[in-house]
Amino acid sequence: MIVVMKPNSTETMIQNMVQRVEGLGLKAHVIVGTERTVIAAIGEKRDEQKEMLAACEEVEQIVPILAPYKVASLEAKPEPTVVEIGKFAAGGPNIGIIAGPCSVESEEQIMESARRVRDAGATALRGGAFKPRTSPYAFQGMKEEGLKLLAAARDETGLAVVTEVMSPDQVELVANYADVLQIGARNMQNYNLLAAVGATRKAVLLKRGPAATIDEFLLAAEYILDKGNTQVMLCERGIRTFEAHTRFTLPLATVPYLHEKTHLPVIIDPSHGTGHANLVSPMCAAAVAVGCDGLIIEVHPDPSKALSDGAQSLTPQVFADAVVQCRKVATALDRQLH
Ligand code: PEP
Ligand code: MN
C-alpha cells in the first residue's frame with residue numbers, strides 16, 4: 001500500500017511514519033515528490049495495518065495496491081473459474097441458463113416448469129423452497145417438501161438444482177438436495193452463512209445485496225472462498241436506486257467490470273433486476289452481449305397464478321424465445337450457451 005503524507009509534512013513527521021510502518025512489520029520506501037511525500041509500505045499485509053496507518057494525523061490517505069479480496073482477484077488466478085454441474089456450465093466460454101419459478105409451489109408446478117425450461121435449453125432449474133419474503137404474511141415456501149420436489153425434478157430432467165439457503169442451520173439440509181446453494185440478496189453480508197456454505201463443497205450462487213458496493217460483493221465471495229470452496233458464482237440482480245420504473249436497477253456494466261477484477265463467473269438475474277416480465281427478454285440478450293457467464297430467469301407455467309414474483313415471471317414460451325435470441329448473441333461472440 002502507499003501511505004500519502006499530508007502536504008507540508010516535516011522531515012521528522014516522515015521519519016516517524018517510516019518507523020510506524022516498520023513497527024508494523026513492513027518495509028518502508030520513501031518517495032519525495034514536489035508537492036507530496038509518499039511512503040510505499042511493502043510486505044505481508046493485514047487489514048488492520050491499513051486502518052492503523054490511516055488513523056495517523058499526518059496521513060492524508062492510504063492507497064491500496066492490491067485488491068482487498070485476495071482469492072477472488074484476477075491477480076490470484078488469471079484464468080476464469082468454470083462452474084460445471086452435469087450439463088450446466090458457467091464461466092470461460094460457457095454461458096449457463098438457470099430457469100424456473102420463483103418458488104416451488106406444488107409437484108405439478110415444479111415438474112411442468114422443469115420439463116418446459118429443459119426443452120427450451122436451460123441446464124439448471126431454479127426454485128425457492130425457503131423464501132425470504134419482505135412480509136412475514138407472504139408465502140414462505142414449501143421448505144423440505146419443496147426440496148424433495150426439486151430433487152425429483154432433477155431425477156426426471158437431469159437439470160442441476162439451484163435453491164436458496166437462508167441460514168447456517170439450514171445448510172446441511174439444503175445441501176442434501178441442491179446442486180447449487182443460492183445466497184439471497186438479503187443475506188449477502190450474513191457472514192456466518194457465507195462461512196457455512198464455504199465449508200461445503202457445493203457450488204454457490206452469491207447474489208449481490210441491493211445496497212452493496214462491488215468491493216463488498218467481492219469480499220462476501222471471499223468469505224466463501226476463504227473456507228476452501230472454489231465453486232462460487234457472482235449474481236448481479238439489481239440494486240436499489242431512486243428510479244421506480246423498474247423494481248431494481250440492473251447495472252449491466254457490473255459484468256465487464258467484474259471480469260476485470262475476478263476470475264469468478266458472473267450471472268445476471270434480469271427477473272429481479274427489472275421486476276417486469278416484458279423487460280426480461282431484452283435484458284437477457286443484453287446481458288449475453290456484455291459477456292455474462294450465465295442467466296437466472298424466473299419462469300412459471302402460469303405467471304398469473306404464481307405465489308411469488310408472478311409479474312416478473314416469463315411464460316415457458318416467452319422463455320424459449322428468449323433463449324433463441326440469447327443463443328444468436330452468444331454465437332456472434334464465440335460463446336457457448338448451455
Ligand atoms: C429469488 O431468487 O427468488 C430471490 C429472492 O432473489 P433475491 O435474493 O435476489 O431477492
Ligand atoms: Mn423471486
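Cys 235 is buried, with a relative accessible area of 0%, where buried stands for under 20% relative accessible area, exposed for over 50% and partly exposed for what lies in between (1.4 Å probe, protein chains only). This is a predicted model, in which local features need pLDDT of at least 70 and side-chain atom pairs count only at pLDDT 80 or more, while totals for chains, interfaces and linings use all residues. Side-chain values use heavy atoms, with hydrogens and water left out, residues are numbered from 1 along each chain as its sequence is written, and chains are lettered from A and ligands numbered from 1 in the order in which they are written.

**Cysteines**
- A search of the whole structure finds 0 disulfides, a disulfide being a pair of cysteine sulfur atoms within 2.5 Å.
- Cys 235 is accordingly in no disulfide, and the nearest cysteine sulfur, that of Cys 292, is 10 Å away.

**Manganese site**
- The manganese ion (ligand 2) is coordinated at 2.0 to 2.4 Å by Cys 102 (SG), His 272 (NE2), Glu 298 (OE) and Asp 309 (OD); donors are N, O and S atoms within 2.8 Å of the metal (3.2 Å for Na, K and Ca), and since water is not among the atoms, sites may look incomplete.
- Cys 102 lies in the loop between strand E7 (94–100) and helix H3 (107–120) and Glu 298 in strand E14 (residues 294–298), so the pair ties together parts that are 196 residues apart in sequence; helices (H or I, at least four residues) and strands (E, at least two) are DSSP runs, numbered from the N terminus.
- Cys 102 counts as buried at 3% relative accessibility, and Glu 298 is buried with a relative accessible area of 0%.

**Helix H6**
- In helix H6 (residues 191–198), the residues Leu 193, Leu 194, Val 197 and Gly 198 are buried.
- They cover an arc of only 140° around the axis, which puts them on the same side of H6, the arc being that of the directions from the helix axis to the C-beta atoms.

**Nonpolar cores**
- Of the 68 residues in the largest nonpolar core, Val 197, Leu 206, Leu 295 and Phe 319 touch the most other members; such a core is a set of buried Ala, Val, Leu, Ile, Met, Phe, Trp, Tyr and Cys residues joined through side-chain atoms within 4.5 Å.
- H7 gives the most to this core, with 7 residues.
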